[in-house]
Amino acid sequence: MEMLRLTNQPDEFEMVALTYCVTYEVSPPSWEQARCSYKPLDADGADMAGHAIIGEVTQDDAPVSTLPGELGDSGLTATQPAPLRTRTLALAGEITGDATTVLDELDAKLSGADIMVISCNKLIRVDFSAAGTLLNWASAQHTRGHQAQFNDVHRLVAAFFNVIGINEVARVMPRAD
(Lines give C-alpha, C1' and ligand atoms only; values in the text may rest on other atoms or scores of the structure.)
Protein backbone atom coordinates (compact mmCIF):
# COMPACT_ATOMS: atom_id res chain seq x y z
CA MET A 1 0.00 0.00 0.00
CA GLU A 2 2.91 2.30 0.66
CA MET A 3 4.11 1.90 -2.92
CA LEU A 4 0.67 2.85 -4.23
CA ARG A 5 0.74 5.92 -2.02
CA LEU A 6 4.22 6.91 -3.24
CA THR A 7 3.20 6.49 -6.88
CA ASN A 8 0.04 8.58 -6.26
CA GLN A 9 -2.54 5.90 -7.06
CA PRO A 10 -5.38 6.54 -4.58
CA ASP A 11 -7.99 4.36 -6.32
CA GLU A 12 -5.72 1.32 -6.36
CA PHE A 13 -4.75 2.10 -2.74
CA GLU A 14 -8.41 1.96 -1.69
CA MET A 15 -8.91 -1.40 -3.40
CA VAL A 16 -5.86 -2.89 -1.68
CA ALA A 17 -6.94 -1.33 1.62
CA LEU A 18 -10.31 -3.04 1.30
CA THR A 19 -8.62 -6.40 0.71
CA TYR A 20 -6.30 -5.71 3.67
CA CYS A 21 -9.32 -4.99 5.88
CA VAL A 22 -11.08 -8.22 4.90
CA THR A 23 -7.95 -10.37 5.15
CA TYR A 24 -6.59 -9.13 8.49
CA GLU A 25 -9.87 -7.97 10.06
CA VAL A 26 -8.36 -4.64 11.10
CA SER A 27 -8.71 -1.13 9.78
CA PRO A 28 -6.16 -0.37 7.09
CA PRO A 29 -4.08 2.79 7.15
CA SER A 30 -5.84 5.76 5.57
CA TRP A 31 -4.72 7.50 2.40
CA GLU A 32 -2.21 10.28 2.89
CA GLN A 33 -0.60 12.28 0.13
CA ALA A 34 3.10 11.44 -0.13
CA ARG A 35 5.62 14.16 0.70
CA CYS A 36 7.88 13.00 -2.10
CA SER A 37 7.26 12.30 -5.76
CA TYR A 38 7.85 9.36 -8.06
CA LYS A 39 9.37 9.61 -11.53
CA PRO A 40 10.32 6.60 -13.63
CA LEU A 41 13.87 6.81 -14.96
CA ASP A 42 15.51 5.15 -17.91
CA ALA A 43 18.81 3.23 -17.69
CA ASP A 44 20.81 6.48 -17.92
CA GLY A 45 18.93 8.08 -15.02
CA ALA A 46 16.97 10.53 -17.18
CA ASP A 47 13.21 11.05 -16.85
CA MET A 48 11.21 8.76 -19.09
CA ALA A 49 8.76 10.48 -21.45
CA GLY A 50 5.44 8.97 -20.46
CA HIS A 51 5.81 5.48 -19.15
CA ALA A 52 5.70 3.72 -22.48
CA ILE A 53 7.69 0.61 -23.19
CA ILE A 54 8.46 -0.34 -26.76
CA GLY A 55 9.08 -4.03 -27.21
CA GLU A 56 9.65 -6.53 -29.95
CA VAL A 57 6.72 -8.79 -30.80
CA THR A 58 7.54 -12.44 -31.28
CA GLN A 59 6.24 -14.22 -34.35
CA ASP A 60 3.61 -16.01 -32.21
CA ASP A 61 2.31 -12.67 -30.86
CA ALA A 62 2.50 -10.80 -34.16
CA PRO A 63 -0.86 -9.52 -35.34
CA VAL A 64 -1.84 -10.29 -38.89
CA SER A 65 -1.64 -7.25 -41.14
CA THR A 66 -4.18 -7.11 -43.92
CA LEU A 67 -4.15 -3.93 -45.93
CA PRO A 68 -6.14 -4.60 -49.10
CA GLY A 69 -5.96 -1.70 -51.54
CA GLU A 70 -4.65 0.82 -49.01
CA LEU A 71 -1.26 1.43 -50.53
CA GLY A 72 -2.63 2.72 -53.84
CA ASP A 73 -1.79 1.83 -57.41
CA SER A 74 1.94 1.30 -57.70
CA GLY A 75 1.85 0.62 -61.45
CA LEU A 76 3.22 -2.90 -61.00
CA THR A 77 1.72 -5.88 -62.76
CA ALA A 78 0.29 -8.87 -60.92
CA THR A 79 3.47 -10.85 -61.61
CA GLN A 80 5.65 -8.16 -59.98
CA PRO A 81 4.30 -7.54 -56.47
CA ALA A 82 5.96 -4.74 -54.55
CA PRO A 83 8.20 -6.12 -51.80
CA LEU A 84 6.73 -4.53 -48.69
CA ARG A 85 8.75 -4.70 -45.49
CA THR A 86 6.55 -5.16 -42.43
CA ARG A 87 7.87 -4.55 -38.93
CA THR A 88 5.86 -5.30 -35.77
CA LEU A 89 6.45 -3.71 -32.36
CA ALA A 90 4.43 -3.39 -29.16
CA LEU A 91 3.61 -0.37 -27.02
CA ALA A 92 2.92 -0.95 -23.33
CA GLY A 93 2.19 1.24 -20.34
CA GLU A 94 1.28 4.92 -20.63
CA ILE A 95 2.21 7.61 -23.11
CA THR A 96 1.88 10.98 -21.42
CA GLY A 97 3.26 14.46 -21.83
CA ASP A 98 5.95 15.04 -24.41
CA ALA A 99 6.09 11.73 -26.29
CA THR A 100 8.91 12.68 -28.67
CA THR A 101 11.40 10.41 -26.89
CA VAL A 102 9.05 7.43 -27.20
CA LEU A 103 8.34 8.20 -30.85
CA ASP A 104 12.03 8.67 -31.64
CA GLU A 105 12.69 5.21 -30.22
CA LEU A 106 9.73 3.86 -32.18
CA ASP A 107 11.11 5.47 -35.36
CA ALA A 108 14.52 3.94 -34.78
CA LYS A 109 13.12 0.45 -34.30
CA LEU A 110 10.76 0.76 -37.28
CA SER A 111 13.28 2.26 -39.69
CA GLY A 112 13.11 0.81 -43.18
CA ALA A 113 9.62 -0.64 -42.76
CA ASP A 114 6.86 0.09 -45.28
CA ILE A 115 4.12 -1.28 -43.02
CA MET A 116 4.50 -0.51 -39.32
CA VAL A 117 2.30 -2.71 -37.15
CA ILE A 118 2.15 -1.50 -33.56
CA SER A 119 0.48 -3.82 -31.08
CA CYS A 120 -1.28 -1.82 -28.35
CA ASN A 121 -2.78 -4.69 -26.34
CA LYS A 122 -0.76 -3.63 -23.26
CA LEU A 123 -1.10 0.12 -23.80
CA ILE A 124 -2.98 1.53 -20.83
CA ARG A 125 -3.38 5.23 -21.50
CA VAL A 126 -2.53 8.04 -23.92
CA ASP A 127 -3.07 11.63 -22.81
CA PHE A 128 -4.08 14.54 -25.05
CA SER A 129 -0.61 16.00 -25.45
CA ALA A 130 0.94 12.65 -26.34
CA ALA A 131 -1.90 11.91 -28.78
CA GLY A 132 -1.15 15.13 -30.63
CA THR A 133 2.50 14.13 -30.94
CA LEU A 134 1.42 10.65 -32.06
CA LEU A 135 -0.85 12.22 -34.71
CA ASN A 136 2.07 14.27 -36.03
CA TRP A 137 4.25 11.14 -36.14
CA ALA A 138 1.56 9.12 -37.96
CA SER A 139 1.01 12.01 -40.41
CA ALA A 140 4.73 12.14 -41.17
CA GLN A 141 4.76 8.37 -41.79
CA HIS A 142 1.73 8.68 -44.08
CA THR A 143 3.38 11.53 -46.01
CA ARG A 144 6.48 9.36 -46.55
CA GLY A 145 4.27 6.61 -47.99
CA HIS A 146 4.53 4.32 -44.96
CA GLN A 147 1.47 2.63 -43.44
CA ALA A 148 1.15 2.77 -39.64
CA GLN A 149 -1.27 0.30 -38.11
CA PHE A 150 -2.25 0.25 -34.42
CA ASN A 151 -3.66 -3.19 -33.48
CA ASP A 152 -5.52 -4.34 -30.35
CA VAL A 153 -6.18 -0.78 -29.18
CA HIS A 154 -8.43 -0.43 -26.13
CA ARG A 155 -11.84 0.79 -27.30
CA LEU A 156 -11.66 4.08 -25.36
CA VAL A 157 -8.17 4.81 -26.71
CA ALA A 158 -9.38 3.90 -30.23
CA ALA A 159 -12.30 6.32 -29.85
CA PHE A 160 -9.86 8.98 -28.64
CA PHE A 161 -7.63 8.31 -31.69
CA ASN A 162 -10.75 8.79 -33.84
CA VAL A 163 -11.54 12.15 -32.20
CA ILE A 164 -7.92 13.34 -32.54
CA GLY A 165 -7.80 12.23 -36.21
CA ILE A 166 -5.13 9.54 -36.04
CA ASN A 167 -7.45 7.15 -37.89
CA GLU A 168 -7.27 9.44 -40.95
CA VAL A 169 -3.55 8.84 -41.43
CA ALA A 170 -3.11 5.41 -39.79
CA ARG A 171 -5.14 2.28 -39.37
CA VAL A 172 -6.59 1.89 -35.86
CA MET A 173 -7.98 -1.54 -35.03
CA PRO A 174 -9.75 -1.82 -31.62
CA ARG A 175 -9.60 -4.93 -29.48
CA ALA A 176 -12.12 -7.62 -30.19
CA ASP A 177 -13.36 -8.03 -26.57
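Q: Which residues does Phe150 touch, not counting residues up to four places away in sequence?
A: Phe150 touches Ile118, Cys120, Leu134, Trp137, Phe161, Ile166, Ala170, Arg171, Val172 and Met173. Contact means heavy atoms within 4.5 Å.

Q: What sort of model is this?
A: This is a predicted model, where local features need pLDDT of at least 70 and side-chain atom pairs count only at pLDDT 80 or more, while totals for chains, interfaces and linings use all residues. Residues are numbered from 1 along each chain as its sequence is written, and side-chain values use heavy atoms, with hydrogens and water left out.

Q: Back to Phe150. Is that residue buried or exposed?
A: Phe150 is buried, at a relative accessible area of 0%. Buried means under 20% relative accessible area, exposed means over 50%, and partly exposed is in between (1.4 Å probe, protein chains only).

Q: Which residues touch the most other members of the largest nonpolar core?
A: That core has 30 residues, and Ile118, Val126, Trp137, Phe150, Val153, Phe161 and Ile166 touch the most other members. A nonpolar core here is a set of buried Ala, Val, Leu, Ile, Met, Phe, Trp, Tyr and Cys residues joined through side-chain atoms within 4.5 Å.

Q: And which elements give two or more residues to this core?
A: They are β2 (86-95), α3 (100-109), β3 (115-126), α4 (128-143), β4 and α5. Helices (H or I, at least four residues) and strands (E, at least two) are DSSP runs, numbered from the N terminus.

Q: How many helices and strands are there in the protein chain?
A: The protein chain has 5 helices and 5 strands. From the N terminus on, their order is α-α-β-β-α-β-α-β-α-β.

Q: How much of the chain is buried?
A: Of the 177 residues in the protein chain, 35% are buried. The chain exposes about 11,100 Å², with carbon and sulfur atoms supplying 53% of it. Those areas come from the Shrake-Rupley method with a 1.4 Å probe; for residues, only the protein chains shown count as cover.

Q: How many aromatic pairs does a search of the whole structure find?
A: The search finds 4 aromatic pairs. Rings of Phe, Tyr and Trp (its six-membered ring) pair if their centres lie within 6.5 Å; planes under 30 degrees apart count as stacked, over 60 as edge-to-face and the rest as tilted. One of the pairs is Phe13 with Trp31, edge-to-face at 5.3 Å centre to centre and 70° between the planes.

Q: Where do Phe13 and Trp31 lie?
A: Phe13 is in helix α2 (residues 10-24) and Trp31 is in the loop between α2 and β1 (53-56), so the pair ties together parts that are 18 residues apart in sequence. Phe13 is buried at 3% relative accessible area, whereas Trp31 is partly exposed at 24%.

Q: What about Phe150 and Phe161, what kind of pair do they form?
A: Phe150 and Phe161 form an edge-to-face aromatic pair, 5.7 Å centre to centre with 65° between the planes. Phe150 lies in strand β4 (residues 147-153) and Phe161 in helix α5 (residues 155-164), so this pair ties together parts that are 11 residues apart in sequence. Phe161 is buried too, with a relative accessible area of 0%.

Q: Changing topic. How many salt bridges are found?
A: The whole structure has 3 salt bridges, each a side-chain nitrogen of Lys or Arg within 4 Å of a carboxyl oxygen of Asp or Glu. One of them joins Asp114 and Arg85, with the closest N and O atoms 3.5 Å apart. Asp114 lies in the loop between α3 and β3 and Arg85 in the loop between β1 and β2, so the pair ties together parts that are 29 residues apart in sequence. Asp114 counts as buried at 16% relative accessibility.

Q: Which residue does Arg125 meet in a salt bridge?
A: Arg125 meets Glu94, at 3.9 Å from N to O. Arg125 is in strand β3 and Glu94 in strand β2, 31 residues apart.

Q: And where do Glu105 and Lys109 lie?
A: Both lie in helix α3, 4 residues apart, about one turn of the helix.

Q: What is the phi of Glu25?
A: Phi of Glu25 is near 55°, a positive value in a residue other than glycine. Glu25 follows α2 and is exposed, at 72% relative accessibility.
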